[in-house]
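Welcome! Let us take a walk through a protein model together, going from the whole chain down to single residues.

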Amino acid sequence: MAFKIASSPHINSNLQTHKVMQRLLLCLLPGIAAQLYFFGWGTFIQILLAVAVAVGSEALIMKMRNKSIRYALTDYSAVVTAVLLAVAIPAMAPWWMIVIGTIFAIVIVKQLYGGLGNNIFNPAMAAYVLLLVSFPVQMTSWPAPTEIAAYPPSITDSLQAIFGLSHFAPEHWKLTIDGISMATPLDSYKTGLSLKLTSTEILNQPAFDGHHGVGWFWINMAYLLGGLALLKLKIVRWHIPVSIIVTLFVCSSFGFLLEPDTHISPINQVFSGATMLAAFFIATDPVTAATSERGRLLFGFVIGLCVYVIRSFGGYPDAFAFAVILANLAAPLIDYYIRPRSYGHRRIN
């Protein structure tokens, strides 16, 4: 009788790791479709580039380690990392950025720590932080949503922009390539506050259209739909996403009630930026998150609190990558102090 010991992720399900990753990718489709609708084909091109580089990097490292290449690639973990990074960066970011980020995520953050189950940081978020700190201008320049863009880019325009071939682009593309690039609503809000504008004045800008950021509300709704599917399929547990969303909503509610002219509303906080994507698809990574139920609640609370503090008082408009990395560092400590009580244990006063 053999007793098998396997590395994390330990998922309480009859599904194998590759089945879990496949279903996670399927649940990402609504959010990806929403991004394609609002930002054009650039996101799809970034996904293809990231997946190709991730698979190639994973295969090369496994060959160098004399490990099974087929086993490593068929668990789809590299593909999931690639897709999560690709949807997080601007749709028109230069091709070399997604290449650098993907190689860093797979080779440095994942494989140099021993591969799947041994990494202490979420690979996609660690790579995102690297790119954001190294290339802040490119990482905060998103294309204008198709609803307010003068010339929504076609797939050809997207290819030309990503691969640096804009000098071959049509005349309208050359005239508007700077004009279609804009900051995210969260970045626009922070910039507006620095210019002494009130919340009402900022929300009346075209990027907001008086309410939520154009496009971003529906993108978050699409990722929320995919996240609910994850919960229904029991791929993830509810503790982390609910804790993140509730913490962010409560903290932003207090800030908005105290200073409504300098704080974004709680609804805008929850449905802006990468909130739903990070809450359901990134923070719930079973390798780098806390493991116990109470530990997951605290883990989500740390992320939600860090996101609110950085968004409100820090220098970066969207803070989920930094918050997830900080929570990853705290996960072992959370697991150490918050552990399920052993069966048969009795408290002695």
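The paragraphs below begin with the overall picture, then turn to helix packing, and end with a few individual residues.

Keep in mind from the start that this is a predicted model. The protein chain has a mean pLDDT of 81, and 77% of its residues reach 70 or more. Where pLDDT is low, though, the predicted coordinates should not be read in detail.

Now for the chain as a whole. It contains 17 helices and two strands. Of its 349 residues, 52% are buried. Look also at who touches whom: among contacts with a separation of 6 or more, 75% are between residues 24 or more positions apart.

How do helices pack in this model? Two packed helices are described by the angle between their axes and the distance between the axes. On the α2 side, the contact is made by G42, I45, Q46 and L49, while α8 brings I155, S158, L159 and I162. Sorted by type, the residues of this contact are five nonpolar, three polar and no charged.

Helix α2 has another partner, helix α5 (residues 95–110). Here the axes come within 9 Å and cross at roughly 35°, and this crossing is right-handed. From α2 come Q46, L49, A50, V53, A54, S57, E58 and I61, and they meet W95, I98, V99, T102, I103, I106, V107 and K110 of α5. This contact divides into eleven nonpolar, three polar and two charged residues. If you compare the residue lists, you will find Q46 and L49 of α2 in the contact with α8 and also in the contact with α5.

Let us stay in α2 for a moment and look at F44, which belongs to this helix. Is F44 buried or exposed, or something in between? With a relative accessible area of 33%, F44 is partly exposed. Its C-alpha atom is separated by 8.1 Å from that of I32, a residue twelve places away along the chain.

N66 sits in the loop between α2 and α3 (69–73), and K234 is in the loop between α12 (216–232) and α13 (239–258). N66 has a positive phi of about 60° although it is not a glycine. K234, which is also not a glycine, has a positive phi near 60°. Exposed means over 50% relative accessible area, so N66 counts as exposed at 73%, and K234 counts as exposed at 65%.

Our last stop is I338, in the segment after α17 (320–337). What is its relative accessible area? The value is 17%, and because buried means under 20%, I338 is buried. Leaving out residues up to four places away in sequence, I338 touches S292, R294, G295 and L298. The C-alpha atoms of I338 and E293 are separated by 9.0 Å, although these residues are 45 places apart along the chain.

Terms used: Residues numbered from 1 in each chain as written. Predicted model: local features only at pLDDT ≥ 70, side-chain atom pairs only at ≥ 80, totals over all residues. Heavy atoms only, no water. pLDDT = per-residue confidence, 0-100. Contact = heavy atoms within 4.5 Å. Helix = DSSP H or I, 4+ residues; strand = E, 2+ residues; numbered from the N terminus. Nonpolar A, V, L, I, M, F, W, Y, C, P; charged D, E, K, R; others polar. Buried < 20%, exposed > 50% of the residue type's maximum accessible area, 1.4 Å probe, protein only. Axes fitted to C-alpha atoms, helices over the stretch in contact; angles between N-to-C directions. Left-handed = near helix turned anticlockwise from the far one by under 90°.
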